[in-house]
Amino acid sequence: MEALLSRPVVVVLALLGAGLSLAASVLQARGVVAERGAHRLNLLGYSCMGASMLLFIVAGLRGVPG
């Protein structure tokens, strides 16, 4: 459990989520993916960001050192 609450895991999840959401917008604008595919990619990105925020909160409440 402590490994999931570590700073690198939280940061990687946040960056992964941001990258996926950005990719969804760019790929849809260029016509590479359809609206439905971009929507799914965006949901995946926001899920990663949400997991990152949840882990950040839990780590703060548990007093896990950086």
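Select Gly31 to start. This glycine sits just after helix H1 and takes a positive phi of about 80°. Keep in mind that the model on your screen is predicted.

Now step back along the chain and select residues 7-29. That is helix H1, with 23 residues. How far apart are its end C-alpha atoms? They are 33 Å apart, which agrees with the 33 Å that H1 should span at 1.5 Å a residue.

Stay on H1 and show side chains. Pick out Val10, Gly17, Leu20, Ser21 and Ala24, which are buried. What do the buried residues of H1 pack against? Their partner is helix H2, residues 35-62.

Select H2 next. This helix has 28 residues. From its first C-alpha to its last, H2 reaches 40 Å, close to the 40 Å expected at 1.5 Å a residue. Colour its buried residues: Ala38, Gly45, Cys48, Ser52, Leu55 and Ala59. The buried residues of H2 pack against H1.

Zoom in on Ser52, which belongs to H2. Is Ser52 buried or exposed? Ser52 counts as buried because its relative accessibility is 5%, and buried means under 20%. Leaving out residues up to four places away in sequence, Ser52 touches Val10, Leu13 and Ala14. Val10 is also one of the buried residues of H1.

Together with Ile57, they make a nonpolar surface patch of about 380 Å².

Move on to the end of H2. Gly63 follows this helix, and its phi is positive, near 75°.

Finally, zoom out and select everything. How many helices and strands does the protein have? There are 2 helices and 0 strands. Turn the model to view its principal axes: the C-alpha trace spans about 45 × 15 × 15 Å along them. The radius of gyration is 14 Å, whereas a compact globule of 66 residues would have one near 11 Å.

Colour by burial. Of the 66 residues, 18% count as buried. Show the surface again: the protein exposes about 4,700 Å², and carbon and sulfur atoms supply 70% of that area. Last, display contacts between residues at least 6 apart in sequence. Of these, 73% join residues at least 24 apart.

Note on methods:
Residues are numbered from 1 along each chain as its sequence is written. Side-chain values use heavy atoms; hydrogens and water are left out. Helices (H or I, at least four residues) and strands (E, at least two) are DSSP runs, numbered from the N terminus. The expected span of a helix is 1.5 Å times one less than its number of residues. Buried means under 20% relative accessible area, exposed over 50%, partly exposed in between (1.4 Å probe, protein chains only). Contact means heavy atoms within 4.5 Å. Patches are made of residues with over 30% relative accessible area and no salt bridge: like charges are joined within 9 Å, nonpolar side chains (Val, Leu, Ile, Met, Phe, Trp, Tyr) within 5 Å. Accessible areas come from the Shrake-Rupley method with a 1.4 Å probe; for residues, only the protein chains shown count as cover. A salt bridge is a side-chain nitrogen of Lys or Arg within 4 Å of a carboxyl oxygen of Asp or Glu. The radius of gyration is taken over C-alpha atoms; the globule rule is 2.2 Å times the number of residues to the power 0.38.
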